[in-house]
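Have the sequence and the 3D view open as you read.

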Amino acid sequence: MTNKYITTTLPYVNADPHVGFALEILQADLLARHWRLQGNDVFFSTGTDEHGQKILQKAEEEGKDVQEYVDHFAEQFKKLKEALNLSNDAFIRTTDENHIKAAQEIWKRCEAKGDIYKKKYKGLYCVGDEAFLKESELVDGKCPNHPTMDPVEIEEENYFFRFSNYQDALPKYLEREDSIIPDWRRKEAIEFVKNGLEDFSISREKERLSWGVPVPGDDSQVMYVWFDALTNYISTLGWPEGDFKKYWEEGETLQVAGKDQVRFQSLIWQAMLLSADIKNTDQVFYHGFITSGGAKMSKSVGNVISPYELTDKYGTDATRYLLLRHVHPVDDSDITWEKLDEWYTANLVNGIGNLTARITKLAETHLESPIETPELTPMPSEYTDAINNFKFNEALDHVWSLIGALDKRITDEEPFKVVKTDVEKGRELIAEYLEELYVIGVLLEATLPEASGVIKKSVLENTKPEGLFARL
RNA sequence: CGCGGGAUGGAGGAGUGGUACCUCGGGAGGCUCAUAACCUCCAGACUCCGGUUCGAAUCCGGAUCCCGCAACCA
């Protein structure tokens, strides 16, 4: 038994939950549930990232008090727990008191290490965006978002983080082969470090941006949003006290993130940890993106598919199934309503749903009493190896190969005929099918918790369940 | 020539030198226990151009297209 810590990135609360985040949190949930079933002590965290300029701006646009605004969105994300049947142990909001304290504490430690310094920063500033622009971002010398406004040169004194101090330490961290999954993203990170690390600004003048964590010992500055946000991975554990020691120091840690996060999670955050003398994250797993109809989901294209639309149409378990099996764990995947319908019908309705009905009906009709609870053997290595290697789709492929084999076996052995000529033989066969179905039910515990429960219960009580995965 | 990844039947995936495999979808049969389900069989593919090799989806070079790092958003 091992202590295991797993977390997602924190979604930024300026929009409704994205299906890509649903994918991320489901992957994390699958791992968390699987590890628990294997007897580990698991801490699974998620939450919301609530500070920063964009949120303040959005709240103002909508004429809302910013705290009210983030409260509203935090609720939208918390509701995912029920909609997707998530097993997270914590939900950390970066506006939580203990998080703010932790963010300030890690700031102080980095500062004590000499990694934070004040510097005058001169750059082109777009008033429309309220953000500094890089030379490379300019289009005809103007801000691409606000081509009618001239960028103004502004000088601001900010705090900087000595990222450059970790030019040698980060490659050492990245040497470990499983520090980043998939491995080719690790190469991407190593290359990035090789190209040279530049210190970056980690604060803003409070006058310009009030919605953030105050910089310790300097009332005129607040932290730049993701310096504060990254700290959530340990503030959620109560760092520097609480369960931090148990799960982070003495446990194995895994972060799940989107493929665009490599720099933030595997470099910047790891440098912050090194600076504060805190153990690095053991592993970061980067998932791919979901496109819809071949294009990036966007409101203007009108191809957005929200997690709640999925759960409304297919239900919780089916949504989990669709995202975990039919979306590739690390590569980009495309989904459309047509494909989703097809996957749902072929595998859930005609697959596990029909097989369950088929067997439990036979049992209900021909068995006089329920079977004994089947003795469980260890999970097949095809399944556990796939999960441990983050190949969630292949793990489920294996379960579905068992479903197919059982369907075939019933067709071949014709128990419905056997039972007419040799009752005892027929009953033996049916009891064997029930046991196999039970094993399949057990294998589905981490992915389809509800359906798994229904299947196991039906087997043990010798009753046919109604409408496990109904037709659309 | 900024860095990195990718292109396999209609769709999604596997396959790092030796008869191209799996799932869905399509077509034809079979079965009747089941949610018009299930089983069997069939058709159909390695982006393009070169090279290495007895032999290339796989290795090398080049081209084209796609994606991330890198402008509402995961």
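## Ground rules

Two strands pair if DSSP finds at least two bridges between them. Helices (H or I, at least four residues) and strands (E, at least two) are DSSP runs, numbered from the N terminus.

This is a predicted model, where local features need pLDDT of at least 70, side-chain atom pairs count only at pLDDT 80 or more, and totals for chains, interfaces and linings use all residues. Residues are numbered from 1 along each chain as its sequence is written, while chains are lettered from A and ligands numbered from 1 in the order in which they are written.

## Strands around E11

Strand E11 (residues 218-223) pairs antiparallel with strand E9 (residues 203-205) over three bridges; there, glutamate 205 sits opposite glutamine 221. Strand E10 (residues 214-215) also pairs with E11 in the antiparallel sense, over two bridges, and valine 215 has aspartate 218 as its bridge partner. Two residues lie between the strands of the E10 and E11 hairpin, where glycine 217 takes a positive phi near 75°.

## Around the RNA

Look next at RNA strand B: 55 residues surround it (C-beta atom, placed from the backbone, within 6 Å), and the closest are Gly20, Gly258, Ser298, Asn350 and Gly353. Elements giving two or more residues to this surface include helix H1 (19-37) and helix H16 (392-413). Helix H14 supplies the largest share, 13 residues.

## Lysine 113

You'll find lysine 113 in the loop between helix H5 (97-112) and strand E4 (116-126). Lysine 113 and phenylalanine 91 are 22 residues apart in sequence and 30 Å apart in space, C-alpha to C-alpha.
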